[in-house]
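Please open the model in a viewer and keep the sequence at hand. The stops below are given in the order in which they may be selected.

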Amino acid sequence: MEIWNRHFECMDRDGIKHVQSERLRETVERVYFNVPYYRNRMQKAGIGPENINSIDDLQKLPFTTKQDLRDNYPFGLFAVPMSEIVRIHASSGTTGKPTVVGYTRNDIATWSEVMARTLTSAGASRHDFIHIAYGYGLFTGGLGLHYGGEKIGASVIPISGGNTARQIQLMHDFGSTVLACTPSYALHLAEAIQESGIKREELKLRVGVFGAEPWTENMRREIEEKLQIRAIDIYGLSEVIGPGVASECPVQDGLHINEDHFYAEIIDPVSLNVLPEGSSGELVFTTITKEGLPLIRYRTRDLTRLNYEKCKCGRTMVRMEKCLGRSDDMLIIRGVNLFPSQVESVLLEMSEIKPHYLLIVDRVNNLDTLELKVEVDEEFFQDKISQLEALRQKLQNNLENSIGLGIKVTLVEPKIIQRSEGKAQRVIDNRKF
Ligand code: DLL
């Protein structure tokens with residue numbers, strides 16, 4: 001079993017704690033002196049860098065949230081001058097504005113390193129052909145896998161998403177051995193391969209690195225059977241670095257977190273208290289080497305549990321359980337993060353429409369579908385069908401422009417959507433994970 005960076009990935013717990021403490025001290029100093037937001041928060045809490053001496057002091061520091069990134073949109077939390085930033089990525093925020101992240105040249109090197117670990121632990125090497133069907137662009141999936149693939153010396157195929165027939169053709173012609181995409185797209189590909197007339201024996205696929213959305217053990221089994229590959233879970237989020245935060249090894253018993261770069265805590269999402277080792281709760285990360293956008297105690301909203309036992313693969317890095325739930329209402333549709341509030345803010349801009357709506361998520365042929373049912377204003381509802389159709393089209397376009405996702409819009413009569421006395425139910429998710 002190859003290990004990319006034995007020094008860190010197999011370091012004993014005392015050693016790793018020492019490295020983390022030192023790196024945390026440096027990070028806190030960096031954010032205190034370079035990011036006014038952090039300095040203010042720390043001053044309000046009555047603490048300075050001198051109070052943070054080891055990783056055990058982390059709990060003295062306040063949390064950071066997606067809202068904090070949004071309040072400082074686009075670059076307010078960056079800790080270096082823009083002349084040091086060599087890359088910018090973004091993901092969905094809770095309303096119109098995306099969450100923006102920036103990398104220095106060293107951050108790109110760190111990202112390549114953790115992605116090299118991810119691919120190596122999945123069993124990939126310089127002898128592999130890596131077919132990257134994650135989206136390239138502002139999304140971190142495509143380029144994250146790309147840099148890791150190049151770092152291990154593999155032959156990288158940056159095909160990006162879409163055009164399934166062509167994906168299959170090139171996978172066949174180039175002899176791709178590693179598939180990188182979302183798990184739902186992997187299943188879609190598996191079925192498309194069956195229909196394409198290309199026989200599985202003609203493909204060289206061996207392993208898949210799947211993530212960017214939740215997927216169950218059942219889905220894993222289905223992918224492994226249909227594609228006849230080993231399906232490895234990889235986890236990450238743009239704010240922390242992108243993919244490369246944690247990934248499974250061949251033992252497939254939890255995802256090793258790259259703890260020498262990202263320090264993990266588990267908190268109770270309501271009381272915000274740190275929970276004892278082994279408890280389930282919300283995952284919180286502190287980046288301890290990042291330069292462009294260091295984050296202190298960033299609340300991921302992902303729910304999981306940590307296991308500090310040494311793994312059979314030889315790695316000592318803490319393992320997180322497969323992530324299946326969130327402590328907020330974020331949906332992941334075809335790999336795109338979506339908050340219902342983003343839809344709501346588009347609706348609120350259109351006077352012909354009432355913000356009474358329902359989002360219906362489903363999975364057809366392994367691809368996510370999203371329908372929006374929304375009430376039309378009483379006055380407008382009397383209008384001609386052609387006018388209603390024009391309104392429907394306008395709303396569909398506005399949503400696509402603002403969210404970047406095709407949503408099927410259905411207009412309904414006023415007062416059709418059930419009112420709730422408590423928290424409104426905005427989403428029906430029919431996907432079987
Ligand atoms: O999805 C980064 C990524 C790209 C990870 C490619 C893996 C592969 P964001 O778009 O910022 O970044 O979305 C981050 O996606 O907080 C989780 O809720 C969810 N997520 C990511 N990986 C997994 C996974 C990328 N393996 C959000 N299992 C995270 C479950 C995942 N959820």
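Begin with Gln252, which counts as partly exposed because its relative accessibility is 22% (buried means under 20% relative accessible area, exposed over 50%, and partly exposed in between, with a 1.4 Å probe and protein chains only). Gln252 is found in the loop between strand S8 (242-248) and strand S9 (255-257); helices (H or I, at least four residues) and strands (E, at least two) are DSSP runs, numbered from the N terminus. Its phi is near 55°, a positive value in a residue other than glycine.

This is a predicted model, in which local features need pLDDT of at least 70 and side-chain atom pairs count only at pLDDT 80 or more, while totals for chains, interfaces and linings use all residues. Residues are numbered from 1 along each chain as its sequence is written, and side-chain values use heavy atoms, with hydrogens and water left out.

Next, select Lys415, in the loop between strand S19 (408-412) and strand S20 (427-429). Phi of Lys415 is near 70°, again a positive value in a residue other than glycine. Lys415 is exposed, with a relative accessible area of 63%.

Move to Pro74, in the loop between helix H4 (66-71) and strand S1 (85-91). The peptide bond that runs from Tyr73 to Pro74 is cis, with omega near -10°.

Now select helix H2, residues 13-34. At 1.5 Å a residue, its 22 residues should span 32 Å, and the end C-alpha atoms are 31 Å apart, which agrees (the expected span is 1.5 Å times one less than the number of residues). Among the buried residues of H2 are Ile16, Val19, Leu24 and Tyr32. The buried residues of H2 pack against helix H1 (6-9), helix H3 (36-44), S10 and strand S11 (280-287).

Finish at Val209: leaving aside neighbours within four places in sequence, its contacts (heavy atoms within 4.5 Å) include Leu119, Tyr134, Leu145, Cys181 and Ile234.
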